Amino acid sequence: MCETIMEAVSLTKHFRSADKTWFTAVDGASISLQKGKTLGLLGQSGSGKSTLGQMMVGLLRPDSGELFFHGKLLSYPIRGQARRRIQILFQHPEVSFNPQLTLRQSLVEPFKLMGKPFDDGAILSVIEPFGLHAEHLARYPGELSGGELQRAALARVTVLEPEMILLDEPTSMLDVITQAQMIDFLRRYQQQHQTAYLFITHSTALAEQFCDEIVKMEDGHLLKERNTK
Ligand SMILES: Nc1ncnc2c1ncn2[C@@H]1O[C@H](COP(=O)(O)OP(=O)(O)OP(=O)(O)O)[C@@H](O)[C@H]1O
Ligand SMILES: [Mg+2]
């Protein structure tokens, strides 16, 4: 049984290009995300994937169209419960971390936001499922590998108990083995928590391996959906 977590209806975004003319980066995009499922958004560079993803997590306000979360129309900026339940994992994990804070300090923030106790036991229970350990907590972002940092970013997001995570090319900066590990952690987490993923990628092979359904994007338009499984 499918349970729709999020539905985007006709989201549209225009930007101004360098020559001051307006162009349509995303044109009337409609997609829905299901509980526990991964929707892949596949397309060439500049096709509008990140713009659409960012409208779906509230980082960008659409010029027109509507976004529903559990059937309820969201307004921008997204506030309240929905804001916490809708999360994002960026391509470059460094942007998610303050370079001057240790991993432990960075992890404490979402615990505070959630009003959860943040002793070492609680923090370890959040990072250990992602292959990180006590020794990593005292390190600064610059002292973690790309793969470790991306897993730490995912661990941090999970403290907020998200129902939907936008994964905007979360593995494209990683080597093949680290990428496979990350995909494995994402998959395991989804199986346990039934999180909906919107997975943005250039890679058809990766999309076919990881996604339940794939939508192609071309010049701001979504092409027909197709199932992979
Ligand atoms: N803030 C902005 N201002 C002006 N133009 C923008 C802005 N953000 C994106 N664009 C343009 O909108 C188009 C779509 O960009 P977007 O980042 O959504 O593409 P993408 O499919 O995610 O590409 P990539 O695969 O390279 O990440 C591109 O032409 C881009 O240059
Ligand atoms: Mg992008």
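1. In what order do the 4 strands of the open sheet run? The order is 2-1-4-5, and the pairing is antiparallel. Keep in mind as you read on that this is a predicted model. At the edges sit strand 2 (22–34) and strand 5 (72–73), each of which pairs on one side only.

2. Now for the pairing of strands 1 and 2. Strand 1 covers residues 4–16 and runs antiparallel to strand 2, with 9 bridges joining the two. If you want a spot to look at, take Arg16: its bridge partner in strand 2 is Trp22.

3. Next, the helix. Helix 1 takes in residues 49–56 and lies across strand 1, strand 2 and strand 4 (64–69). Relative to strand 1, helix 1 runs at about 125°.

4. On to the ligand. There are 14 residues around ligand 1, and the ones that come nearest are Ser45, Gly46, Lys49, Ser50 and Thr51. Gly46 has a backbone N or O atom 2.8 Å from an oxygen atom of ligand 1, and for Gly48 the corresponding backbone distance is 3.1 Å. With Ser50 the side chain is involved: one of its N or O atoms is 2.9 Å from a ligand 1 oxygen. On its own, ligand 1 exposes 630 Å², and the protein buries 60% of that.

5. Which elements give two or more residues to the shell around ligand 1? Strand 1, strand 2 and helix 1 do. Helix 1 has the largest share, with 3 residues. By residue type, the shell splits into 8 polar, 3 charged and 3 nonpolar.

Notes: Residues are numbered from 1 along each chain as its sequence is written. Chains are lettered from A and ligands numbered from 1 in the order in which they are written. This is a predicted model: local features need pLDDT of at least 70, side-chain atom pairs count only at pLDDT 80 or more; totals for chains, interfaces and linings use all residues. Side-chain values use heavy atoms; hydrogens and water are left out. Two strands pair if DSSP finds at least two bridges between them. Contact means heavy atoms within 4.5 Å. Axes are lines fitted to C-alpha atoms, for helices over the stretch in contact, and angles run from 0 to 180 degrees between N-to-C directions. A residue is near a molecule or strand if one of its heavy atoms lies within 4 Å of it. A polar contact is a pair of N or O atoms within 3.5 Å; within protein, one must be able to donate a hydrogen and the other to accept it, and residues adjacent in sequence count only if both atoms are side-chain atoms. Accessible areas come from the Shrake-Rupley method with a 1.4 Å probe; for residues, only the protein chains shown count as cover. Ala, Val, Leu, Ile, Met, Phe, Trp, Tyr, Cys and Pro count as nonpolar, Asp, Glu, Lys and Arg as charged, and the others, Gly among them, as polar.
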